[in-house]
Amino acid sequence: MSARRLLLLLLAAVALAAIPWLVDGLLGVTWVRILSFAALYVVLALGLNITVGYAGLLDLGYIAFFAVGAYTYALLSSPQFGLHWPLWATLPLSAGAAGLFGLLLGTPLLRLRGDYLAIVTLGFGEITRIFINNLNSPVNITNGPQGVNQIDALRVGGVDFSQALHVGGFEVPAAYMPCLLFILLAALLAWACTRLQTSRIGRAWQAIRQDPLAAAACGIDLRRYKLLAFALGASAGGMAGGLFAGFQGFISPESFSLTESIMVLCMIVLGGMGHVPGVIVGALILATLPEALRALGPLQQALLGHVWVDPADLRMLVFGLALVAMMLVRPAGLWPRGAGR
Amino acid sequence: MTAPLLHIDKLHVAYGRIEALRGVSLTLAAGERLALIGANGAGKTTLLKAVAGLLAGKQGQIQLDGQRIDRQPAHTRLRLGMALVPEGRGIFPEMSVRENLLMGAHCRNDTDGVAGDLEAEYARFPRLAERSAQLAGTLSGGEQQMLAIGRALMGRPRLLLLDEPSMGLSPIMVEKIFATLREVCAQGVTLLLVEQNARLAMDLCERTVVLEHGQLALEGASADLVRDPRVQAAYLGQA
């Protein structure tokens with residue numbers, strides 16, 4: 001690596017690490033927490049982008065992999081089974097378990113395309129949630145609708161990501177810690193996705209998406225590459241799930257509804273399907289917009305002197321309108337992949 | 001005597017309960033050019049797809065160099081030395097011309113050889129060299145057909161399966177494409193050509209097979225079949 005690239009990389013790292021301080025300074029510490037969730041959504045969206053954006057396999061049950069990852073982490077590090085495995089074991093297991101589920105889902109779906117694929121994956125997502133909801137009897141595995149409580153915080157070596165960190169005389173506040181971890185992982189995944197896209201595997205996916213028959217005629221093993229897309233996308237979702245469980249300390253089946261699957265899909269469609277920077281922008285906007293729209297209450301108060309419509313109702317309406325408007329104005333996404341390359 | 005390059009033995013292919021091929025047998029020697037003509041729905045495309053592995057046969061055998069290949073998936077058959085130019089060209093519209101050509105060599109690992117072959121295809125089709133960075137979807141029909149043929153040749157096939165290369169092209173473009181095919185075959189590539197334009201196909205290939213309702217109706221040297229009254233009436237438009 002040249003000195004120039006090293007310097008750029010270092011600058012990018014410093015810029016990313018400065019984000020929590022910047023957000024706290026400008027918007028307050030609540031927004032650091034919102035940003036942490038947004039970074040998790042970036043991981044989810046990048047994962048789904050592998051399956052949908054790269055390989056063109058429409059998956060409407062993606063949140064199931066997030067759920068599998070979250071429950072894998074939760075069951076291995078909580079009083080539920082009295083297990084308290086370390087993060088370096090549970091997080092890869094979360095990703096691995098979700099990847100395995102991706103393969104299990106992918107195998108019977110290889111022959112399906114388009115709408116049919118969408119319907120079956122939608123069913124898979126719902127089945128997973130209902131299973132988790134009911135796996136509390138006869139043997140209590142998931143604790144059913146009550147969810148899993150007191151999940152161990154994210155901890156690597158001596159660093160606890162729920163506590164403030166003191167490095168020399170410098171203090172990183174507790175609220176910044178998970179945010180920094182998630183930003184780091186999202187950035188690593190974004191880098192990996194960019195590399196993947198221009199690789200041999202990425203080209204094969206692109207071919208399958210554009211013309212499966214011609215791809216087969218070019219000697220591409222459709223089966224293998226489709227399964228790979230499912231498995232890789234699912235493992236990214238599983239990793240996000242594990243982080244989510246450790247971050248929240250509590251998970252329950254209702255976090256993994258169909259709406260969440262649709263939301264992640266919206267992020268990549270809105271941002272620009274198949275384009276990593278676009279997907280990141282889409283995820284950040286859609287994850288933060290509902291929070292930003294909470295300001296509609298105070299805004300009414302200031303402009304009209306009275307809160308006429310409950311902001312909780314209004315913000316989802318505005319959110320929906322914003323989605324419609326953005327798709328009308330920029331149908332290919334906010335930041336689509338440029339032609340030519 | 002060595003085994004023929006391609007040998008098809010009593011092949012049956014069905015779409016559900018409808019039999020598209022009913023016991024077709026064919027033999028193709030290395031270096032030969034065989035035209036497959038017939039009406040719409042006679043089973044021409046089905047036969048090509050079955051040979052390429054995109055459709056599974058119900059009964060019968062397909063052999064390449066005397067080895068059975070009918071149980072192998074499409075992607076491994078390519079590695080054995082065949083390439084298919086699909087009907088309707090099947091280029092990747094959102095990839096550049098160059099990327100399309102490189103897709104044809106996707107299963108090859110010899111980077112230097114691929115680079116050399118890319119130059120060879122550009123030399124064969126100068127139009128593609130001019131448009132190398134352009135998205136394939138923006139090419140004209142004839143250019144897309146050139147690209148599809150070039151892409152297939154990037155896999156260095158011994159057997160080229162070509163499905164309706166003249167479809168939707170202007171007569172001048174058809175002539176160009178067929179002149180190129182003649183050159184390709186002169187380099188030793190074996191050709192199995194499916195074509196609606198019977199005269200053109202029989203002109204290029206020394207042997208012709210007529211397919212009717214999923215069965216072989218006629219087979220013989222093109223020079224003889226051209227004079228056959230049945231062929232003239234049905235496929236050459238002569239009373």
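Select helix H1 of chain A, residues 3–27. Of its 25 residues, the number buried is one, so H1(A) lies largely in the open; a residue is buried if 20 or more other C-beta atoms lie within 10 Å of its own, exposed if 12 or fewer, and partly exposed in between, with C-beta atoms placed from the backbone. Helices (H or I, at least four residues) and strands (E, at least two) are DSSP runs, numbered from the N terminus. This is a predicted model, in which local features need pLDDT of at least 70 and side-chain atom pairs count only at pLDDT 80 or more, while totals for chains, interfaces and linings use all residues. Residues are numbered from 1 along each chain as its sequence is written, and chains are lettered from A and ligands numbered from 1 in the order in which they are written.

From its first C-alpha to its last, H1(A) reaches 36 Å, close to the 36 Å expected at 1.5 Å a residue; the expected span of a helix is 1.5 Å times one less than its number of residues. Centre the view on Ile19(A), where H1(A) has a kink of about 40°, shortly before the proline Pro20(A). The bend at a residue is the angle between axes fitted to the seven residues ending there and the seven starting there. After H1(A) comes Gly28(A), with a positive phi near 100°.

Next, select helix H10 of chain A, residues 258–271. This helix has 14 residues and spans 20 Å between its first and last C-alpha, close to the 20 Å expected. Which residues of H10(A) are buried? They are Glu260(A), Ser261(A), Val264(A), Leu265(A), Met267(A), Ile268(A), Val269(A), Leu270(A) and Gly271(A). Display also helices H2 (30–54), H3 (63–76), H5 (114–134), H11 (276–292) and H13 (311–329) of chain A, which are among the elements that cover these buried residues. Gly272(A) follows H10(A) and has a positive phi, near 135°.

Move to Lys226(A), in helix H9 (residues 222–248) of chain A. Is Lys226(A) buried or exposed? Lys226(A) is buried, because 25 other C-beta atoms lie within 10 Å. Leaving aside neighbours within four places in sequence, Lys226(A) is in contact with Ala55(A), Leu57(A), Gly106(A), Leu110(A) and Ile208(A); two residues are in contact if their C-beta atoms, placed from the backbone, lie within 7 Å. Leu110(A) and Lys226(A) are 116 residues apart in sequence, yet 7.2 Å apart in space, C-alpha to C-alpha.

Two stops lie in the loop between H5 and strand S3 (155–156) of chain A. Pro138(A) is in this loop, and the peptide bond from Ser137(A) to Pro138(A) is cis, with omega near 0°. Gln150(A) counts as exposed, with 11 C-beta neighbours inside 10 Å.

Now show both chains. Across the interface, 16 residues of chain A are in contact with 22 residues of chain B. On the side of chain A that touches chain B, helix H7 (200–210) and helix H8 (212–217) each supply at least two residues, and H7(A) gives the most, with five.

Of the 239 residues of chain B, 45% count as buried.

Select strand S9 of chain B, residues 207–212, in which five of the six residues are buried. Strand S3 (residues 33–38) of chain B runs parallel to S9(B) and is joined to it by five bridges; two strands pair if DSSP finds at least two bridges between them. Leu34(B) stands opposite Arg207(B). Strand S10 (residues 215–221) of chain B pairs with S9(B) in the antiparallel sense over six bridges, with Glu219(B) as the bridge partner of Val209(B). In the hairpin of S9(B) and S10(B), which has two residues between the strands, His213(B) takes a positive phi near 50°.

Finish at Arg89(B), in the loop between strand S6 (82–85) and helix H3 (97–103) of chain B. Arg89(B) is not a glycine, yet its phi is positive, near 75°. With 24 C-beta neighbours inside 10 Å, Arg89(B) counts as buried.
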